[in-house]
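Me: I would like a close look at a single part of this model, taken slowly and in order. Could you describe how that part is built and how its pieces lie against one another?

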Amino acid sequence: MRIGALGKTYEDGQYITKQGESGQCMYIVQQGCVEVVVEGREGEVVLSRLEIGDVFGEMALFTGKPRSASVRAQGSARVLTVDKRGFLRRVHEDPSLAFHILQRMSERIQALDEEVVRLRSRQP
Amino acid sequence: MRLADGSCVGVIGGGPAGTLTSYFLLETAERVGLALDVDIYEPRDFSRPGPAGCNMCGGIVSESLVQLLAAEGINLPPSVVQRGIDSYVLHTDQRQIRMATPVEEMRIAALHRGSGPKGCPPGEIESFDGFLLDLAREKGAHVHACRVDEIAWDNGWPVIRADGMPGKRYDMIVGAVGVNSTGLKLFEGLGSGLRKPHTAKTLICEICLGREQVQEYLGNAMHVFLMDLPGLEFAALIPKGDYVTVCMLGVGIDQSLAERFMNSPDVRSCLPIEWDAKSSACRCLPRINVTGAKPCFADRVVLVGDCGVSRLYKDGIGAAYRTAKACAVTAIFRGVSKDDFRAHYWKTCRRLEWDNRLGKGLFLMSVFFRKLRFLRRAMLRMIENEQHAAPKHRAMSTVMWNTFTGSAPYRDIVLRSLMPDFVIPFSMECVRALLGVGNGGPTSRSAH
């Protein structure tokens with residue numbers, strides 16, 4: 001790791017956060033890629049692949065519910081943690097801080113909508 | 001008085017306060033579908049090493065600011081961050097003690113404001129201020145590499161004259177000139193009652209040790225010194241790539257105090273034995289804001305960052321971010337009149353001002369810790385006892401961590417130090433120290 005690299009480095013396949021854990025922070029990818037996976041009854045489903053600048057783990061911050069998916073490094077990845085308390089407190093003082101996160105969440109919902117449409121159109 | 005499509009904003013100063021104000025103005029305007037024309041006036045060339053491209057600062061981006069910037073979509077690249085800091089080492093006359101970040105992660109950034117100290121080869125170090133200026137430029141700001149000659153009024157609109165060119169009329173002018181330039185005089189001359197803040201002198205000195213020796217002697221830890229030197233409030237050694245930045249704050253900073261500090265055994269123990277105090281690469285005595293400018297706004301004119309209101313002794317870049325954001329949000333959503341700034345922008349400044357009052361109290365308290373040996377002993381023992389506890393049970397470590405890093409408001413530090421889990425063990429350790437119980441404890445001289 002370069003001495004100026006911020007965050008924590010995870011090796012290939014190492015889990016950053018696991019499904020079902022309580023969410024006390026969110027994460028921002030600084031380098032490399034991570035994949036979001038959900039453990040279902042029929043095994044593991046890869047939901048998406050996130051890259052530099054992408055945010056994950058923010059849903060648990062706002063809903064207060066356990067993590068809905070696991071995230072693991074795909075190759076070596078560096079990730080920065082953002083603490084829940086400090087972030088929400090600052091959002092309370094300056095709601096515009098949430099704009100960027102909302103934008104990322106909206107983009108993800110849009111991508112999921114497109115995926116749902118694609119899957120439904122395949123069904124007989 | 002509101003900004004509309006095509007409104008022009010002039011920002012004087014291209015340090016963090018000026019560039020972040022420009023960045024957030026353009027970003028917020030884009031979100032609400034407003035086209036703004038933002039000009040940044042900055043004569044410095046941040047790609048030049050030494051004083052020509054430097055804004056004179058210790059160069060620490062706090063843990064909380066690293067997270068907030070990342071949440072805003074501004075991720076500091078490793079080419080700009082010269083070293084990620086993962087711990088603090090507190091030096092006292094009795095021992096050294098190391099406090100690691102609560103999460104095992106690099107979340108404090110040590111960086112150079114310019115392209116490195118005097119004598120550093122051009123292009124070797126990427127400037128933090130240059131990085132932010134490029135961000136603002138990418139958002140659409142126009143950067144003018146010239147000094148502003150005059151600010152004047154034209155029928156209620158502020159006008160900037162720069163580089164001998166005809167004046168340009170603006171809908172709003174942002175002053176982000178710091179406290180170490182003559183730029184503040186431009187605003188004082190406007191006749192709007194804007195006044196410069198009160199300042200104190202600091203010393204910033206860069207020492208070139210080379211990457212291997214910086215790693216060997218200081219590691220990834222910022223070294224903080226609790227010394228009983230009159231006039232010295234705070235002193236630290238900040239490791240960066242090939243350099244170590246010495247940062248001294250207080251009311252009596254001068255050359256002789258700097259020599260006494262640098263030649264003290266505690267400081268010498270952090271540097272190679274052959275290091276010569278006269279071999280520092282770059283040295284300056286900049287001023288810092290200790291009491292905010294009042295007022296720091298007028299109709300269509302506002303001061304942000306150090307030349308307005310900042311944080312006492314710590315996290316000046318964090319204060320620049322907060323005031324920049326508050327200024328941009330006020331200007332886009334509320335307006336640019338004096339009343340708009342008073343009703344909305346001033347809230348952020350007032351919060352910083354109140355917090356600084358508590359900070360002053362904390363720094364006054366630190367005098368007792370410097371003077372009274374039993375207090376230092378009790379503090380060190382409490383930190384030592386907490387090392388194996390869960391982060392939420394490390395009361396003294398948290399208070400010290402937040403005091404040194406500038407990550408939390410002074411209010412949080414004061415409140416934390418009034419909690420029973422801080423007061424009771426600390427009182428007990430004070431009694432033990434006064435009675436001399438367990439005074440022969442271990443001394444750690446190899447904290448890094």
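Reply:
**Chain B and its strands and helices**

Chain B contains 13 helices and 20 strands, where helices (H or I, at least four residues) and strands (E, at least two) are DSSP runs numbered from the N terminus. This is a predicted model, in which local features need pLDDT of at least 70 and side-chain atom pairs count only at pLDDT 80 or more, while totals for chains, interfaces and linings use all residues. Residues are numbered from 1 along each chain as its sequence is written, and chains are lettered from A and ligands numbered from 1 in the order in which they are written.

The C-alpha trace of chain B spans about 75 × 50 × 35 Å along its principal axes. Of the 448 residues in chain B, 49% are buried (20 or more other C-beta atoms, placed from the backbone, lie within 10 Å of the residue's own; 12 or fewer make it exposed, and anything in between partly exposed). If we take the contacts (C-beta atoms, placed from the backbone, within 7 Å) between residues of chain B that are at least 6 apart in sequence, 72% of them join residues at least 24 apart.

One open sheet of chain B is made of 6 strands, which follow one another in the order 8-2-1-12-20-19 with mixed pairing; two strands count as paired if DSSP finds at least two bridges between them. Because strand 8 (142–144) and strand 19 (297–298) of chain B each have a single partner strand, they stand at the edges, and one side of each has no neighbour in the sheet. Elsewhere in this sheet, strand 1 (residues 8–12) of chain B runs parallel to strand 2 (residues 37–41) of chain B, and 5 bridges join them; I12(B) has Y41(B) in strand 2 as its bridge partner. Helix 1 (residues 16–31) of chain B packs on the sheet, where it touches strand 1, strand 2 and strand 12 (172–175) of chain B, and its direction makes about 175 degrees with that of strand 2. For such angles, axes are lines fitted to C-alpha atoms, for helices over the stretch in contact, and the values run from 0 to 180 degrees between N-to-C directions.

We can now turn to another group of strands. Strand 9 (residues 148–154) of chain B pairs with strand 10 of chain B in the antiparallel sense over 6 bridges, and the partner of V148(B) in strand 10 is A162(B). The hairpin of these two strands has 2 residues between them, and within this hairpin N155(B) takes a positive phi near 50 degrees. In a regular strand the side chains alternate between the two faces of the sheet.

Technical notes
Contact = placed C-beta atoms within 7 Å.
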